Every structure is written in C-alpha cells, then in structure tokens.
Amino acid sequence: MSALITPDLVTLDENLGGDRAAVIRRLAEQVTSAGRASQVEGLYADALAREEKTATGIPGGIAIPHCRSTAVTQPTLAMARLDPPVDFGAKDGPADLVFFIAAPEGADQEHLKLLSKLARSLIKKDFTAALRAAATREDVVQLVETAIGAGPATRTAKAPAADSTPSAEPKTRRLVAVTACPTGIAHTYMAADSLVAAAKERGVDLQVETQGSSASTPLDPAVIAAADAVIFAVDVDVRDKYRFAGKPVINAPVKRGIDEPGVMVEEALAAADNPNARRVPDSAAAASDQQDDDGERLGGKLKRVLLTGVSYMIPFVAGGGLLIALGFLLGGYELSLANDAGVANGDDLLASYTLFSLPPEGLLPFLGAVFWKVGNLSMAFLVPALAGYIAYALADRPGIAPGFVAGSVAVFMNAGFLGGIVGGLLAGYIAMVIGQQKVPRWLRGLMPVVIIPLAASIVASGLMILVLGGPIAALTVALNDWLSSLTGTAAVVLGIILGLMMAIDLGGPINKVAYAFAVAGLGAGTVDNQAPWQIMAAVMAAGMVSPLAMALATVIDRRRFSLAERENGKAAWLLGAAFISEGAIPFAAADPLRVIPAGMAGAAVTGAMIMGTGVTSQAPHGGIFVFFAIGNVIMFVVSILVGMVVSALAVVALKRFAVRHADTAKASEPVAA
C-alpha cells in the first residue's frame, strides 16, 4: 500500500488562515498538489460540508476534519501544526494540531482501518505531546506511522477485562455502546475509545460496536443481554437497533462521546438504576426514538417525517412526470383528453391497437400513448408512496403498509396530497402507538407483520373514509381552485416567494420546503389545471439561478474571485444548468453576506417571470436537460438568464463596494508618527 502521509503533506508552525474553512482549503490544496486528489474545489466542498454537519474539533487542541470525496484518488493524511491556533468548535478552545483525512469513495478496508487507528491515537496525550514537540516533518511522519502500526484494533472496541479471577467483590457494572458518524472514518472510533477510557476509569466494563467504514463486528448477543444500559453516540441511525430493545439508553450525537465521555458513562449508570429511564423501544416504536436526551421538537420532527415521505415519493414523480412529458412530445396533449365515450384518447389508442397493429397515425403516436400510460401509472403511486413513507418515518417498516393503504384511500376520496400527508401521519402514529404496547412474548413475532399493519390500516383508513376524507377533499378542491385562479399580480407574488425560498439556503431546509411543496402538488396538474406545473417550473428555474449567477460573476469580474473560486465557477455552469443549487455553496460559504442576498434577488425575479408568463414543468428535476417536459421552454430559458444576470451583477457590485469601502477606511486611518 502507498504511504498515507509523507513529509510534503506536513505543515509545521504556519498560519493557514483565520478560520476553519481557510485551513481546510489550504490542506485540500496541499493534498491536491501532492497528486492525491484530482481537484481542490471538489475535495474542499466535501470536507466543508462534513464540517458543517458536526464540528471536528475535540478536547486537547486537536481537530480532525475529514471526508469521503470522489476528488480523492488515494487515502491521504495531511497534518498541520498551526500558529496561531484556529477554532474548530471544541469546547476547550482552538486547535493547534489539525489532521485532515481525505478518503476516496469506496476506499479499501485496509486503508480505512489505518485511518481509524490514527483517529484513535489522537486522544492519547503522549502521542499529541510528541507531535507538538516534533522538530521536523519527517519526525511527524515517523510518529504517525508508528501510531498506525501499533494502534488498537478497529473492528470492535472494548475495555480490557479487569480481572478474570473469581472473587467476592461487588458485581462489575457492564455497559454496551454503539458509535457511528456519517463518514465513519474518525469520530466513530474516537468516540469509542473515549467512552472505553472513561468507563475504565470508573471501573465499568464497556464494550463498543463501531459502525464505521472499516467494517463493523456486531456485539455478541450475550454481551448485550448482560449489559445494564446502552449508549448510542451516533449521528446516523443505529443498524439493527432492535437487538437492544428494553435496555436503558443514553442517546446523543457522536461528538458528545468524544467531548463528554465520562458524563455519558455516568448518565448510563444512572439510567440503569432508574426504573423509569428511557429505554430502547421494540419493533415499530424504534423509529420514534429521539436523537438526543433533550428530545426532538415537534416542528423539527414533523419536518423530518414529511421530507422523508417526499424523498421516497420523488422517484415516482420523476419517472412518471418525464414519461408523461415524453408521451405528450410524441403523441400530443390530445392523449389525455376524453373522447365521445368518455375514455382518454391514450387509453383508447392502447386498447384498440398493438405494436403489430399500429394506428393510422403511425408508430410515434402509439409509443407516445405507451409512455403516457406508464407515466400515469407511475404518478398514481404519488400519494400512496408519500403516505407510506411518512408512516415509515414514524413507525419504521410496520408503518409502510397502513401508510400506503391510507394514501390509497386519500386518492379514492379525492383528497390529494393533503390527504396523503394526513393519512400517512395518522397511520404512522397509530402503528407507532400499537408497537409500543407490551404483549406476551409469543405474540411479538406477529406484531410487525400482521397485527400492527392490520390494526393501523383499519383505524387510519377508517378515519379517513368516515371522518377526515371529505373535509380534506373539499380543502384540496379549494386549494386547486385557488392555484388555478392565480393570475397577474397574485401569481407573480407567489413566484417571488418561491424564488426567495429556493435561494436563501441553497439546498437547506427552506429550499427543501419550497421544493417539497412543488413536488407534492405536481400530480394534481392537468391540461386544464396547469398551476401545479407552473409552481414546479418556478421552483426549478429559481433554484438554477444562484450557481449560474456565480459562474457568470467569475467571468464578468475575475479579479474579485480567487483562483479556486474561478475554477469552481466552471463547474457551477453545469451544476446550475442541471438544477443543483448546491453549486453555489462554495461561494456562499466564503462570502455569505454578499452571495446569498444577490442570489435571492435574481431567483425572485426568475420566479416572478415564470409564474407571470405561465411557464410549466412536468418534471421535478433536471433543469434545462428536461427541456421536453417544459411548457414554453423559450420563456423558461429567458427567465433564468434574466435572474442569472441580476444576481451576477448584484454580487459583483457588492464585492466592489466592499473593496472600495475597505480601502477608504484603510486610507482614512491616521498615520503613525
């Protein structure tokens, strides 16, 4: 295997910038210069995105930024001893030792194990002291290679047995833990070793299952059964959580396992002695388990649940919408219109002809009917899939069946996507409550596959048919009528609002809310009611503006942007054209007070133009590459170009103003005598 770290990847006692973003960029440049990454911007963006999820500073003046990236060509460590130190989010202050771990997507297990060993070594005081005392870059490389060669096992961390000799001493307290972070490279293993060390200091036997990148060995069921309590230090879902059902649990982000391991061990011991402590739920209730001990607020939980449903629904909408658009492209809008017998022309065409007996119009209209019909069948799953996976987010797998049934009832009741949302929430909550009930052991096996789906389907769907479906259907009709009536100023105002939401956080929660609103209503669009298609077009076009504007700005005034930003601008052309708003994130991260307002201005203009001119989109994604699904594609492009120019000129003007302001302020300072 090639070396993970070499002297040219080590920086000693240098100033790499005043904040963590600057340091990460410099280290990404160092990795790329060493020929271990194909591009700086891709690596920097991936590392910064990981940093924004959870700060990588840990106690002791250490930071360990890390990521997986397609830009990385071989697993790499870059180390910097900073002067001055930089804040990476640790509670005890800034970091002077920074290890940047860059792993390629699909890195081999042996390399990942070595990276994990290094991460675990960083919590050892003698190792970090030696790094601070190292005189040369070669000394640092030698220290790291020694640590990797002598590091602890990376598969399952556990405290050494205190004493296997039988004695009359009090019974040893036993805990188990699971650690996991999104990338599974560093925090997963550092938290594991920190918890083990803290438990050992307290005379507690703690065994940890590290669900990371360098493989994971599940805890022995006998070890779990003997444990007094369980600690989940995780940023992602615990795999096979049901193994721990009934155990008192302490649940927190993985970084807390590094920052406060002793506190977590004490909390777990207290929970083990408390009969009313929170416990790992069984079956469907596991999905409702909160992420931390402070609990999840209702609004945040509701947003998470709804976005889960939307994310699973999007493939049905994407495939169905594009197929319908292809059908209209080949066979015309007449496919969806009813003939004298009240049957859609597309259905009549498929019933009357086959591939071997083509209609008089020829092959293309027949294929158009095929695409149109398959697309409609796919779109028919929109509401059931939305409801089913909302229920899944609440009650795990037992919630899927009652959720789909409730969604199908919503379709039957003409309650639309609003009915799907209500039905999914209802089915998921009922399934979750049923799953929390204590039942005899002989009945537990039937709960998730028979009893919960049956009972939740009966209750949720019964309520939808008997009580809720009618009022929701009336509300849906009113909403559709209102959207259909939007013309002139009202439509323009809605376009402005949607545009602002798409640009304010570039793929964040507000952006996702606007996008989810557009996608959820897409299935209600028809030739006679094109308002949902217009909303989808406004959302997609506005979301394309910011990355395209940043790309244009780097061309208009190159001097205002760094070399790396100009390179990123080249990629932003393609990202923006494909409706990937995140293409503007590197610019926004470097200069948010100028980039984000400028992007919002152009996106608002684009949204207003789209709604005001009646542009439509039957595709939920794809940008300009799904031109065939866009109604009035010329105006779609013009609206985007206008918004792009507005945002580009705005960001350039703001940057020029800031420079002149800074120069003026500097010139006005008194000259020292």
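## A buried charged pair

Lysine 655 and aspartate 591 are both buried. In this predicted model, the two form a salt bridge, with their closest N and O atoms 2.9 Å apart. The pair links distant parts of the chain: lysine 655 sits in helix H24 (residues 633–667), while aspartate 591 is in the loop between helix H22 (585–590) and helix H23 (592–613), 64 residues away.

## Other salt bridges

Searching the whole structure turns up 18 salt bridges. One of them brings together the side chains of arginine 25 and glutamate 41, at 2.7 Å from N to O. Arginine 25 belongs to helix H1 (residues 20–33) and glutamate 41 to helix H2 (residues 40–53), so this pair ties together parts that are 16 residues apart in sequence. Arginine 25 counts as buried at 17% relative accessibility, and so does glutamate 41 at 6%.

Then there's arginine 173, which meets aspartate 273 in a salt bridge of 3.1 Å, N to O. Here arginine 173 is partly exposed, at 26% relative accessible area, whereas aspartate 273 is exposed, at 55%.

## A polar contact

Threonine 11, found in strand S1 (residues 10–14), is buried, with a relative accessible area of 8%. Its side chain makes a polar contact of 3.1 Å with that of glutamine 30.

## Patches on the surface

Leu454, Ile458, Val459, Leu463, Ile465, Leu466 and Val467 make a nonpolar surface patch of about 660 Å². Isoleucine 465 lies in helix H17 (residues 447–485) and is partly exposed, at 43%.

A positive patch comes from Arg279, Lys438, Arg441 and Arg444. Arginine 444 is in helix H16 (residues 441–444) and counts as partly exposed at 40% relative accessibility.

Conventions:
Residues are numbered from 1 along each chain as its sequence is written. This is a predicted model: local features need pLDDT of at least 70, side-chain atom pairs count only at pLDDT 80 or more; totals for chains, interfaces and linings use all residues. Side-chain values use heavy atoms; hydrogens and water are left out. Patches are made of residues with over 30% relative accessible area and no salt bridge: like charges are joined within 9 Å, nonpolar side chains (Val, Leu, Ile, Met, Phe, Trp, Tyr) within 5 Å. Accessible areas come from the Shrake-Rupley method with a 1.4 Å probe; for residues, only the protein chains shown count as cover. A salt bridge is a side-chain nitrogen of Lys or Arg within 4 Å of a carboxyl oxygen of Asp or Glu. Helices (H or I, at least four residues) and strands (E, at least two) are DSSP runs, numbered from the N terminus. Buried means under 20% relative accessible area, exposed over 50%, partly exposed in between (1.4 Å probe, protein chains only). Lys and Arg count as positive and Asp and Glu as negative; His and the chain ends are not counted. The place of a charge is taken as NZ of Lys, CZ of Arg, CG of Asp or CD of Glu. A polar contact is a pair of N or O atoms within 3.5 Å; within protein, one must be able to donate a hydrogen and the other to accept it, and residues adjacent in sequence count only if both atoms are side-chain atoms.
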